[in-house]
Amino acid sequence: MKVLGTSALTSTLVLLSILPQTLAVKAGDFRTCSQSGFCRRGRALASRAKEGIASWRSPYSVDPSTLSLSPEQSSFAAAVTSSLYPDVKFSLEVRLHEDGVARVRMDEVDGLKKRYDEAARWALVAEPQVSQDIKWTIGKTDARVAYGKGFELLVEFAPLRVVLRKGGKEQVVVNGRGLLHMEHFRQKAEEPAPVEPSEEGSDEQTVLKVENVRAWFEGESEDAYWEESFSGWTDSKPKGPESLSLDIDFPNHAHVYGIPQHATSLSLPTTTGEDPFFNDPYRLYNADVFEYVASATTSLYGSIPLMHAHSADSTVGVFHVVGSETWIDVAHSSAKSTETQWISESGILDLFILPGPTPADVFAQYARLTGTAPLPAHWALGYHQCRWNYVSTDDVRGVQKRFDEEDMPVDVFWLDIEYSEGHKYFMWDKKSFPDPVDMMNDVAAVGRKMVVIVDPHIKRSDDYPVYKLAQELDVLVKQKGGETDYDGWCWPGSSVWVDFFNPKSWAFWSSLFNPKQGSQWSWTDSTEDVYIWNDMNEPSVFNGPEITMPKDNVHYGGWEHRDIHNINGMILPNVTARGLVERGEIAKRPFVLTRSFFAGSQRYGAMWTGDNLGTWEHMAVGLKMTLANSIAGMPFTGSDVGGFFGNPEPEMLVRWYHVGAFAPFFRAHAHLDTKRREPYLLDEPYKGIVRDILRLRYSMLPIWYTAFRETSVTGLPIIRPHYVVFPNDPNGFALDDQYFIGSSGLLVKPVTRPDVTEETVYLPENQVYYDYFTNQAYRGAAKGKNIVVPAALHQIPLLIRGGSILPTRERPRRASSLMKNDPFTLRVALDNKSRARGELYLDDGVTFSHKDGQIVWREFVAEKEKKGKTVRLSSRDLAGANTATAVESVALATYDPQNSFARSIGGVRVEKIVVVGLISKPSSVSVEGGSQLQWEYVAGVAAGEKKEGVASVLTIKDPRVDVASDWAIVIKA
Ligand SMILES: *[C@@H]1O[C@H](CO)[C@@H](O)[C@H](O)[C@H]1NC(C)=O
Ligand SMILES: *[C@@H]1O[C@H](CO)[C@@H](O)[C@H](O)[C@H]1NC(C)=O
């Protein structure tokens, strides 16, 4: 398929001799920094700067005479020049947004070509509002502006340096080490220009000097400026060099997180040290990496150029909106500071500096830029059963039957590529799938859904309507030169790709899902219960360089694939989701799973961590990857349960179900070559354990859905690592194997190692935490404390933070839609002052009526009376309580507590209340202003005691209160 170039072959052989087999295979297919011209140049710049540290000075400076303030004075623009190329012009613009986010933009002006400047257009949800109040002060040597809680942004002119300070301390420094380099467009010289002998010696000296300085800054040779080969492929580079290097340092921040997607720990390790596996920068270049290594800096399927930097007193973010291949070096330069260098192949400098100062602030700032993940359909939070492939309509029916026979809940059955005839997506292979609509209706009859794969490669076949339509519309990606449709090899064989950057492609694609519009072919062999999986959208091209498109392919507007590669994957799920919304009489929430993603992809659906392996290492790193995605704005995330490749033994599979059940997206999937491993195939005790895990997930759906609501409004992730919840506790900054679920107070640590019977869990505060299953009370400590909890195969370390109230639904059902009218259980886990709080959010889970205020949003509060021990537990309306953020108030403006959704669940009761940690046996339990209730009390440790042991448990049976009404229950001491 591919011919290895000699140089690549040699380097592969060298690698083979020094590295383990697995890494060598990757190294052959995908570039290292030293095999990528612009990355090599960027790193060489950094090492020259390090050598010449005393005399190194950035050649870029702002020309103050050109500076102009915007009318509201929160932005300024100025010319920037480089002392190396006095004739080349650059522009700089610095804007301050209303929320204190700063945006720094730099571009080349009137160059020989134009740099790609549209990345923000795809990533941002809207053009941000600049501040009306914050005003720059322009001095002779700098511009500065003070705002918010002790923030100051400073732009020094010569050399150009941008600094964010808080309380006088530097937090973010851009170009502090002088690694900013925007390679300007240049003419390819036929021969190196000879230096003209000059009459006046002094002139000659100047010329030589500039040449020397250029070499000192840019290196001696024109390294890979005009052409570059890798692994038998040649990149023609018609625009020549146009890379962008940038140093962004975080003095006073020891940890950096984010820039997914990489298989590594959440707190990003140094990439500039001696470690042979971590001596390449983190690479962002969306790639279909076969059997990826579980610990590496290599790129994977998606890219989000957002980084958090964190310390005990500050969290900041930087978001560099660039769509081209980007490499990021991280160096923990001292115990307290982190240095980074960002090297991109093309594009303008478009950097957002998010000042924080807390993690929650950074999430809100990023959400205002790129939007939040909308509330998905409720069923999408259930369990998804996938396999490559369920081979026929009867196979699907058989799998469904087995789930039902074994009383295992499941919401969605998935079909991978083999449902389609010759990998022409949408077209059923009628030999094996003769009755697809009947099959879908059989699945939907029990309230379940199906998800079917639609990949972006389109079989080049005249009998394929999708191909014919796309070709006639002329919306296909072109090969270099821009004339001919690009042809590549993928599952269907010879394939083409829709260029989703072309606006003409959008309605065309959305309409494929929409039989209502009559003018075009559409997918009539489908129903409204079928949703879509977009895979391979990096795009994956089997016979392309690095398994993707050549960089000199041409997209809409004449842009090269190089410019937009990392953005490419995000438009397909967008227009797919749009098609799903538009297809029905009533608009329903879409579901699209994507493998490739970019900043902003959260707006279109869920993502997963791609083709993982059935190994313990992959199970563990998948969890860290979902945390990294979560903090980078992609909260609807998970990794394939069981691992895509391999045949996990039963113990591993059981543990993997625990991992999956505590991820926002919960899907099992398996490769074509693996043995069937649906959970009903397990022997006991494994089968019973997995059934319990599935039921646990379903009982907790109210908690997950409430967390999804919160992220859809605030941008706070659904699963939260320690630094997000306890930003002042340094012990938690590197923790990435235990995490909290939403604001619920649940702390979970899935077991990801074999042969475990107990597990250590870190408690970050002087508070009581209860075992979810046994009510065992554990005590934390003010400075943090490790505890040991039981973790045999049937157990998962799952703790409730004292002070939480958890709503659950405990009646096992076959699918989540059948739980709509089920009663609730409230679990009240008292804190050390006998208080607790929790939330519950509900809506119809299907339509967009929640945007019109058709919701139920409750707050539950338990409080102890000031003197005495009586505890009062109450339920009140949160939607009406006007605690809403700006985003919500749109919906809540029309909110009516008697809305029709609320009325529709008016009869849904709380069937049980469990109060954990009461001080003593109550004398009576009654509804306030109403009747006495039935209850049972088992004595045990109280919340406020120092003792460990099983906590006291009060169980109130059938408290006769409705979940959507106001009520109070008085527990008299
Ligand atoms: C994608 O989604 C956004 C909303 O996030 C929408 O404004 C835009 O028009 C959509 N379409 C494309 C092609 O990006
Ligand atoms: C109660 O818990 C809080 C943390 O939630 C802690 O700050 C406080 O010290 C604890 N008080 C006692 C008496 O343990």
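Over the ring of which residue does the charged end of Arg667 sit? I looked it up in this predicted model: the ring belongs to Trp414, and the charged end of Arg667 is 4.7 Å from its centre.

Next I went through the aromatic pairs, and the count came to 50. One of them joins Trp414 and Trp533 edge-to-face, with 5.3 Å from centre to centre and 70° between the planes. Trp414 is in strand 22 and Trp533 is in strand 29, so this pair ties together parts 119 residues apart in sequence. Buried or exposed? I noted Trp414 as buried, at 0% relative accessible area, and Trp533 as buried at 0% too.

Then I checked Trp491 and Phe542, which pair edge-to-face at 4.8 Å centre to centre, with 85° between the planes. Both sit in loops, 51 residues apart. Trp491 is partly exposed at 32%, whereas Phe542 counts as buried because its 19% is under the 20% cut-off.

I also jotted down one aromatic cluster, which includes Tyr419, Trp428, Phe500 and Trp523.

Last stop was ligand 2. I found Glu765, Asn766, Gln767, Asn832 and Lys946 around it. That shell has no nonpolar residues, three polar and two charged. A polar side-chain atom of Gln767 lies 2.8 Å from an oxygen atom of ligand 2, and a backbone N or O atom of Asn766 lies 2.9 Å from an oxygen atom of the ligand. Taken alone, ligand 2 exposes 360 Å², and the protein buries 53% of that.

How values were computed: Residues numbered from 1 in each chain as written. Chains lettered and ligands numbered in written order. Predicted model: local features only at pLDDT ≥ 70, side-chain atom pairs only at ≥ 80, totals over all residues. Heavy atoms only, no water. Near = heavy atom within 4 Å. Polar contact = N/O pair within 3.5 Å; in protein donor to acceptor, adjacent residues only side chain to side chain. Areas by Shrake-Rupley, 256 points an atom, 1.4 Å probe, with all protein chains shown as cover. Nonpolar A, V, L, I, M, F, W, Y, C, P; charged D, E, K, R; others polar. Phe/Tyr/Trp six-rings, centres within 6.5 Å; stacked < 30°, edge-to-face > 60°. Helix = DSSP H or I, 4+ residues; strand = E, 2+ residues; numbered from the N terminus. Buried < 20%, exposed > 50% of the residue type's maximum accessible area, 1.4 Å probe, protein only. Lys NZ or Arg CZ within 6 Å of the ring centre and 35° of its normal.
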